[in-house]
Amino acid sequence: MKKGVKLTAAALLMASGAWAQAPADTLQLSDNTDFTFTESQLDEDNDAAQTVSTIVGAKSDPYNSEVGYLFSPMRFKVRAYDNQYSNYYMNGLQLNDLELGRFGYSMVGGMNDATRNQEGLSAYDYNRTGLAGVGGATSVNTRASQFAQGSKLTLSGCNRNYVARGMFTHATGLLPSGWAFAGLVGYRWANEGVIEGTFYNSLSYFLSAEKRINEHHSLSLVTFGSPTERAQQGASTEEAYWLANSHYYNPNWGYQNGEKRNARVVNDFEPTAILTWDWKIDDTKKLTTAAGFKYSMYSSTALGWSGDAYDPRPDYYKNMPSSIFDVWDPAKNNPDYLAQNPFLLEQYYDLVDYWRASEANQQINWDRMYFVNRQNEAAGGETLYYQERRHNDQMVFALNSAFSHDLNRWGKYTVGLSLNSTKGMHYKTMADLLGGTTYTDIDKFAANDYGINSIEAQNDLRNPNRQIGVDDKFGYNYNIFVNKARAYGLYEVNRGKMNYRLSAFAEGTTMEREGLMQNGRAPENSYGKSGQAKFLGGGGRLGLTYRPSGAHILSLNLGAESNAPLARNSFVAPRMQNNFVDNLTNEDIYTAEASYQFRLGDFSGKVTGYYTRFNNGVEQTAFYNDQEERFTYLTMTNVNREHYGVEAALKYNLTSNFSVNLTGTYAEAQYVNNPLAQVAYEGMNASTLKTLNTWKNPVTGQQMPLCVVADGMRVNGTPLTAISLGLNYNVNGWFFEANLNYYDRVYVDFSEYRRLGNVLPYYVSEGFDDKGNYLFQNVNADDLAKGAVLYDAQDGHIVSAYSAEQEKFDGGFMLDLSIGRYIRLAKGKSISINLSVQNVTNNRNLRTGGYEQNRDDFYNTGVAKAYTFSKNSKYYYANAFNAFLNVGFKF
Amino acid sequence: MALAAGLMLSLNSCMDDYDEPNTDGYLITSPESLGEVNYSIAELKNDNASLFSQTNAFEQVKEDKIIEGVVAANDCGGNLYQTLLIRHIDESKPEGDADRDQAIVLGVKHTWLTPYFQLGQRVKVNLKGLYIGCYSKLPKIGQPYYTSSGNLRLGPVLLQLCATNVELVGQPNPDCAECQPIALSPEWLRATANRNYLNYPQLVSVTGTIQEADGEAIFAPESLQDAGYGVDRTLVNSVNNTKVTIRTSTQNDIAFTVMPEGEHTYTGLLSYYSNWQIQLRSVSDIQ
């Protein structure tokens with residue numbers, strides 16, 4: 001309890017202190033994604049409605065204005081773009097996190113009534129704020145004078161991550177003195193959310209003050225934050241869901257003293273301040289300058305254990321019944337085989353019975369970890385199980401200045417400069433020794449490999465064998481510095497039936513790691529600074545719109561740009577050492593889209609086709625590698641992807657207050673090459689790591705560049721097919737909406753590790769057939785579906801490489817309804833009531849995402865393991881029936 | 001601001017705060033008595049002589065046969081894997097009687113068994129439903145499984161079955177008779193008649209010089225590991241040149257310990273396959 005209070009109070013003091021010392025500072029935001037999460041997990045804890053990527057409610061675009069809300073239950077990403085390709089601006093300042101590229105909506109969580117005044121921008125729209133990403137941008141105006149005068153109380157109840165929410169907003173409007181003030185206090189809470197074992201505890205504050213100095217100058221200051229503590233849901237395998245009899249089984253919690261305790265708890269607080277100066281030079285010229293400061297404190301807990309202790313995760317594969325024999329193999333899962341091996345079913349059902357005997361057996365056994373620690377210490381040992389807290393803190397200074405000039409009736413332009421300096425601080429602390437008292441800061445896996453007295457075992461050679469207590473830093477500690485400067489310009493001309501938009505930017509990025517520990521596995525390149533990596537980027541976009549009449553609009557948009565890689569992907573093993581990834585280059589993005597928008601009487605709509613090509617991307621995954629029992633980094637460079645598809649939004653007004661909508665997309669987003677790969681294990685020194693990144697040609701014996709066979713893999717975690725049929729009706733202050741949505745082609749997050757060239761099975765050709773085609777008689781279609789590399793027997797060249805098939809989830813329907821009533825009261829007061837119900841039919845079988853386990857199906861002997869990892873991916877399911885009741889009272 | 005601060009202090013308190021559990025009496029084994037001991041390790045071996053004489057074989061026990069013994073070796077040093085040596089000395093039997101002091105391995109499918117099964121802990125095991133037999137000639141209680149080479153072998157018992165088939169009796173006493181190794185003489189080691197399942201597994205000590213010791217070499221460097229992730233060293237007795245293999249896995253404290261030069265006494269779990277072999281429990285087994 002004390003800890004939480006301390007954190008909040010300290011943050012408040014810090015935020016106000018920062019303001020006192022530097023009134024012109026503000027922020028930059030981040031969702032502080034923990035580096036150990038896979039892509040699929042990144043957004044798992046955010047509210048579904050907040051995870052929608054890209055532009056929010058681009059009002060001029062009937063497709064983009066709808067899909068964010070419509071498809072949010074399935075965590076839909078527009079065009080399957082990652083959030084890093086969308087920008088978020090507040091009062092003229094971009095708030096994307098420079099390390100991760102993304103904007104984390106948790107930063108403005110619980111302050112919806114303060115951030116409602118927002119505008120969605122497509123990548124090609126002209127605007128006075130700055131450049132949108134290829135996925136668009138959201139620009140929020142929170143200047144105090146823009147708030148409607150008065151007060152508002154909003155109360156909400158739901159069965160989602162939280163169960164209750166309250167917000168109170170008050171705004172003075174623009175006072176005669178030229179001042180305007182607005183503020184919000186909100187709170188979201190759940191002792192237990194809709195997912196068992198989770199909780200939610202979040203306060204929000206937002207304060208805005210503005211001074212209209214004169215008709216030319218105005219200063220606005222906003223500061224906000226949302227200290228949040230929340231417990232997370234984890235994905236699990238279908239087998240675990242079956243045993244627990246629920247697709248909402250959460251392996252992250254367990255009983256301690258009979259009380260539910262979650263192992264993964266996030267603490268997040270990102271106090272931010274933005275000072276904006278609006279200078280209206282004259283009626284045609286305007287200069288908007290915004291400066292911001294943010295100091296974010298993000299941490300996420302996780303269980304840790306030494307190399308000898310048993311994996312405490314309840315759904316660890318050795319605890320699963322299917323670890324006894326390969327239930328997926330028809331040759332084994334049949335009556336004859338099982339009759340010959342009766343012990344297999346005995347053990348299988350022993351585990352099934354254990355899982356089903358009690359709920360506690362399905363969850364983390366906290367009491368057992370305490371017991372083991374105490375026993376081990378009593379015997380002269382150390383704590384074996386612990387809970388660590390991984391911190392990703394950040395300090396950001398940002399500045400954006402944009403000058404806009406309306407040249408005449410037809411033309412206008414905006415030029416600007418933005419600067420951002422970000423310091424990411426990454427370390428972990430001991431959250432809980434779980435009944436133990438002694439822990440030495442050594443790497444247990446390295447101790448197993450090199451010996452406990454080896455240099456390699458030390459996490460910090462400058463403080464060898466340091467004893468760690470609660471809240472002490474251990475394991476790793478480093479800073480990442482990222483600086484970015486960007487100059488940009490936008491130009492728009494309207495001439496007759498034509499509209500032209502041109503935008504361009506040039507930017508420079510530097511990044512550097514500073515190690516604060518001297519790691520024993522990398523003694524020469526872990527402590528101190530890495531040296532700066534520098535990247536120059538830039539690009540431009542051209543938009544053409546032709547309006548032959550008021551009823552038809554044709555648009556063609558083209559773009560090309562080159563962006564620096566993200567810092568989070570740029571270091572080989574950032575927790576351990578300073579080395580940059582090999583082949584680190586800019587990512588090149590080429591975009592093209594064409595659209596037709598029309599209005600024919602009561603029928604209106606827009607249809608868009610698009611093509612986007614990403615070249616030379618860099619992606620890194622970091623995960624606990626079950627195969628090697630080590631924390632592993634796998635970085636892909638030279639990643640090429642194609643995203644293309646069709647989007648449509650059609651509307652037919654049956655009457656003036658009753659309409660039918662059809663909105664949907666059919667998209668493709670896939671990897672189109674086999675990227676280069678670089679693997680690093682945290683517990684290994686440089687010479688051992690060298691051996692990991694080799695791929696020996698089985699024919700010639702020569703080493704080949706290691707790559708991931710990813711060609712044909714789809715982008716995951718979003719439906720590539722999403723269609724909605726909706727009805728809208730409003731009358732006398734009531735409104736009704738019903739949407740029947742169909743989702744399909746959601747793909748699992750593929751494991752790069754399983755598709756490494758040196759992990760995939762290989763086959764060598766056996767001559768040629770009559771037509772001169774290669775013969776591979778020992779390979780069948782099933783083998784190829786599991787992934788394979790085929791070699792020419794003569795010179796060893798790769799004839800073809802097959803990636804293991806990527807699982808596509810079953811499609812399905814979801815029905816969402818909402819009903820609302822707006823009641824106007826006397827003296828300008830009003831009440832709004834809204835009830836939205838998602839998944840009315842309670843479809844509990846729609847997967848929103850999932851990821852493959854990073855482990856292959858075979859022993860080194862070539863014998864298949866009993867547990868088939870390739871058949872046991874971990875999944876997330878869309879929420880079951882859920883409702884959100886919102887009541888707002890304006891007074 | 002004051003309002004916000006006050007609200008934060010009052011509302012945003014930590015929810016992730018728990019009382020530490022009392023783990024006195026925590027068990028993964030049966031909390032209830034399994035019943036009276038009605039069988040012994042010696043009887044088990046004698047009644048199944050043909051089974052225990054084989055290299056790899058097993059059969060399931062169908063009746064409630066409850067044996068007892070003391071944990072004389074476990075994975076305290078990380079060298080023994082999923083292995084508990086259960087040893088019982090029947091004080092009613094005379095010294096020299098083969099049935100007086102017998103031991104068998106209880107395999108348990110779990111890493112780090114030591115906290116649950118400390119050295120000197122007396123246990124009862126109800127064999128009903130479990131399997132008995134040999135793994136590479138080593139007498140064992142376990143359950144069958146297919147190895148990574150695809151061979152059917154007698155493997156460890158599911159940990160979950162400890163809750164129904166194993167009971168802890170009293171508190172551990174590491175000074176008990178069962179935890180004292182039997183010192184094997186060079187003559188005993190040489191005698192071929194001793195190479196039978198009645199003499200192993202057992203907690204023993206052997207004195208000799210490690211052939212490979214040079215003052216620098218460690219017990220089990222990864223570069224020398226075999227398919228079983230272990231390294232064999234040869235302990236030579238100076239009296240009659242008998243040789244005993246010291247087998248060590250590559251990932252534990254013993255593995256990285258420099259092999260001492262000269263004559264020393266080594267304590268560990270004795271087995272026999274093509275030669276006598278011992279596996280040390282921990283570094284402290286080197287004297």
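## Notebook: confidence, strands and chain B

I began with confidence in this predicted model, and among the elements of chain A I found the lowest mean pLDDT, 34, in helix 1 (residues 2-21) of chain A, while strand 17 (residues 364-365) of chain A has the highest, 98. For chain A as a whole I wrote down an average pLDDT of 90, with 93% of the residues scoring at least 70.

Next I turned to strand 4 of chain A and asked which strands pair with it, and in which sense. Strand 1 (residues 87-90) of chain A runs parallel to strand 4 of chain A and is joined to it by 4 bridges, and within this pairing I looked up Tyr89(A), whose bridge partner in strand 4 is Ser139(A). Strand 3 (residues 118-121) of chain A also pairs with strand 4 of chain A over 4 bridges, but in the antiparallel sense, and here I noted that Gln118(A) has Val140(A) as its bridge partner. I keep in mind that strands of a sheet pair through backbone hydrogen bonds, either parallel or antiparallel.

I then followed another sheet of chain A, an open one of 3 strands in the order 11-40-39, with antiparallel pairing. Its edge strands are strand 11 (236-237) and strand 39 (847-851) of chain A, each of which pairs on one side only. Between strand 11 of chain A and strand 40 (residues 874-877) of chain A I found 2 bridges in the antiparallel sense, and I noted Lys874(A) in strand 40 as the bridge partner of Thr237(A).

Finally I looked at chain B, which has 5 helices and 16 strands, and whose C-alpha trace spans about 90 × 50 × 40 Å along its principal axes. Of the 287 residues in chain B, 45% are buried. Looking at the contacts in chain B with a separation of 6 or more, I noted that 71% of them are between residues 24 or more positions apart.

Note on methods:
Residues are numbered from 1 along each chain as its sequence is written. Chains are lettered from A and ligands numbered from 1 in the order in which they are written. This is a predicted model: local features need pLDDT of at least 70, side-chain atom pairs count only at pLDDT 80 or more; totals for chains, interfaces and linings use all residues. Two strands pair if DSSP finds at least two bridges between them. A residue is buried if 20 or more other C-beta atoms lie within 10 Å of its own, exposed if 12 or fewer, and partly exposed in between; C-beta atoms are placed from the backbone. Two residues are in contact if their C-beta atoms, placed from the backbone, lie within 7 Å. pLDDT is the predictor's confidence in each residue, from 0 to 100.
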